Amino acid sequence: VARTKKKPERRITIKDIAQEAGVSLGTVSHVITGKMPVRPEMRRKVVEAIRQLGYQPSLLARGLRRNKTSIIGMVIPDITNPFFPAVVRGVEDVAFQNSFRLVLCNTDNDPEKEESYLRELHSYRMAGLILIPSVSSQISTLVDLEFQDVPVICLDRRPEDWTGESVTVDNVQGAFEATNYLIKLGHRSIAMITGSLHLTNAVGRLEGFRRAMRKAKLDVEQEYIQEGRFDRISGYDKMRILLQHRPRPTAVFCGNDLIALGVLSALREAGLRCPQDVSVVGFDDIELAELTDPSLTTVFQPGYQMGARGATLLIRRIRGTAEKNSQHMVLPTELKVRRSVAPLVFTHKPSRTTKSGSSD
Ligand code: RIB
């Protein structure tokens with residue numbers, strides 16, 4: 001039996017679609033890329049031809065031809081931290097509206113993992129890169145030495161040596177207002193548990209705390225400043241340390257909400273009540289902040305807006321319509337007053353004995 005060799009199917013091109021639909025190549029391309037408006041009846045013809053011919057556009061092939069894709073690479077510390085999804089969502093919505101797609105990577109705050117992701121994304125010819133830098137990020141060096149050909153923007157944390165574009169919040173002011181609120185309610189022994197002080201936003205929040213204390217002429221005992229990481233475990237551990245100090249702080253300002261959640265656990269475990277024994281303030285205003293018991297007073301930072309503004313700046317840079325100088329956008333924060341803070345008069349009970357047996 002003579003074997004008949006199956007002829008390989010010819011790849012459908014946009015020329016075939018244009019012919020089938022009876023429109024120009026440009027119209028087909030505008031429909032496929034979504035980059036230019038196309039009249040509805042023309043669009044219908046093109047879509048119908050695509051369906052008829054079973055056309056599958058290869059974005060990869062297009063990216064290789066142009067040496068650039070329509071994909072934005074986003075590298076963040078950890079999507080399981082409840083603050084970051086809003087930022088990612090803001091980026092994605094703006095990217096989608098502008099016909100860009102998003103690829104997301106988690107660094108676990110590890111600068112080496114961050115660097116290898118950034119290099120790979122760069123080699124895949126991303127249209128632009130968005131980074132929430134890890135602790136000790138090398139982004140400035142990478143951009144100076146290797147990434148001259150791709151726009152990069154930093155969100156949320158702006159490394160000290162970063163001269164490119166960024167969107168952050170006013171960390172100093174947010175922390176100042178939170179601390180001031182505690183002071184106005186009569187608190188004097190106020191502690192702070194910070195995020196890693198290798199991160200500029202953690203340093204900014206500490207600076208805001210110190211400024212408010214200075215303004216009220218209040219001393220900050222060195223032991224009252226505990227450096228944690230932006231996570232629940234370090235909040236718990238550092239609060240246990242603070243509970244050993246005498247006098248015990250009557251209020252704790254936390255570098256973020258996850259730290260505050262850890263603080264609430266440590267208080268509960270020690271048999272102390274929040275806010276009657278210790279007032280607690282967070283930073284971020286994650287969704288959980290409303291659901292804790294008591295609900296958490298915290299500094300809201302507009303994560304979604306941060307992502308959306310960042311993506312807008314980046315896309316302008318990609319399209320060459322951005323301003324000449326790099327933008328550094330600083331968004332305002334807002335104190336959300338809930339139930340985890342009480343005036344000092346109701347909180348300070350010097351003779352109270354904790355579960356661990358220690359007393360004030
Ligand atoms: O919760 C995550 C924290 O790290 C936030 O406060 C945010 O600012 C990020 O840097």
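Helices are DSSP runs of H or I with at least four residues, and strands are runs of E with at least two, both numbered from the N terminus. The structure is a predicted model, in which local features need pLDDT of at least 70 and side-chain atom pairs count only at pLDDT 80 or more, while totals for chains, interfaces and linings use all residues. Residues are numbered from 1 along each chain as its sequence is written, and side-chain values use heavy atoms, without hydrogens and water.

**View 1. Polar side chains at the ligand.** Distances are given between an oxygen atom of the ligand and a side-chain N or O atom: 2.7 Å for N256 and 3.1 Å for N81. For Q301, a polar side-chain atom lies 2.9 Å from a ligand oxygen. Of the 270 Å² of accessible area that the ligand has on its own, the protein covers 100% (Shrake-Rupley method, 1.4 Å probe).

**View 2. Lining of the largest pocket.** Helix α7, residues 139–145, gives the most to this lining, with three residues. The lining has 15 residues, and V143, V152, W162, G164 and E165 lie nearest the pocket centre (a pocket is an open set of points on a 1 Å grid over the protein atoms alone, where a 1.4 Å probe fits, with protein on both sides within 12 Å along at least five of seven lines; lining residues have an atom within 4 Å of a point). By class, six lining residues are nonpolar, five polar and four charged.

Methods
Polar contact = N/O pair within 3.5 Å; in protein donor to acceptor, adjacent residues only side chain to side chain. Nonpolar A, V, L, I, M, F, W, Y, C, P; charged D, E, K, R; others polar.
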